[in-house]
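Thanks, everyone. Let me put the model up, and then we'll walk through it.

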Amino acid sequence: GQLSESVSDITAASNFLKAASAVAPIAQQPATPAPAPQVPAAPTLPSAEHVCAHGARVYRDGVNKAGKAWKGWFCSMPKGQDCPAEWLR
């Protein structure tokens with residue numbers, strides 16, 4: 001009846017308070033700002049020269065397995081359906 005509902009409510013409140021007290025020290029710590037994402041700067045913004053039949057190309061750069069750096073403009077279509085890359089030197 002009403003007594004068992006009250007006991008159930010008190011038990012639920014007690015469990016909530018236990019969980020809140022466990023989290024409180026973590027919540028009170030000052031937040032550490034996340035580092036800014038490292039985004040490579042493209043040499044130029046996409047323009048008419050960086051467009052293929054499928055639309056604007058995507059600038060990408062990296063290092064191959066041999067350690068040689070590469071960069072270029074790539075078609076946005078999946079491999080096999082894409083246009084040839086525009087390699088930058």
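How far is the sulfur of cysteine 75 from the closest cysteine sulfur? The answer is 3.6 Å, to cysteine 52, and that is too far for a bond. A disulfide here is a pair of cysteine sulfur atoms within 2.5 Å. By that rule, the count is 0 disulfides.

Some ground rules. This is a predicted model: local features need pLDDT of at least 70, side-chain atom pairs count only at pLDDT 80 or more, and totals for chains, interfaces and linings use all residues. Residues are numbered from 1 along each chain as its sequence is written, and side-chain values use heavy atoms, with hydrogens and water left out.

Back to the cysteines. Buried or exposed? Cysteine 75 counts as buried, because its relative accessibility is 4%. Cysteine 52 is buried too, at 12%. The cut-offs: buried is under 20% relative accessible area, exposed is over 50%, and partly exposed is in between, with a 1.4 Å probe and protein chains only.

Next, the strands. Helices (H or I, at least four residues) and strands (E, at least two) are DSSP runs, numbered from the N terminus. Two strands pair if DSSP finds at least two bridges between them. Strand S3, residues 58–63, runs antiparallel to strand S4, residues 69–74, with 6 bridges joining them. S3 and S4 make a hairpin, with 5 residues between them. In the turn, glycine 67 has a positive phi of about 90°. S4 also pairs with strand S5, residues 86–87, in the antiparallel sense, over 2 bridges.

Now look at tryptophan 73, in S4. Tyrosine 59 stands opposite tryptophan 73. In S5, glutamate 86 is the bridge partner of tryptophan 73.

Which side chains does histidine 50 contact? One is the side chain of tryptophan 73, in a polar contact of 3.2 Å. Another is the side chain of glutamate 86, at 3.3 Å. A polar contact is a pair of N or O atoms within 3.5 Å; within protein, one must be able to donate a hydrogen and the other to accept it, and residues adjacent in sequence count only if both atoms are side-chain atoms. Histidine 50 sits in the loop between helix H1 (2–27) and strand S1 (51–52). At 6% relative accessibility, histidine 50 counts as buried.

That's the tour. Questions, please.
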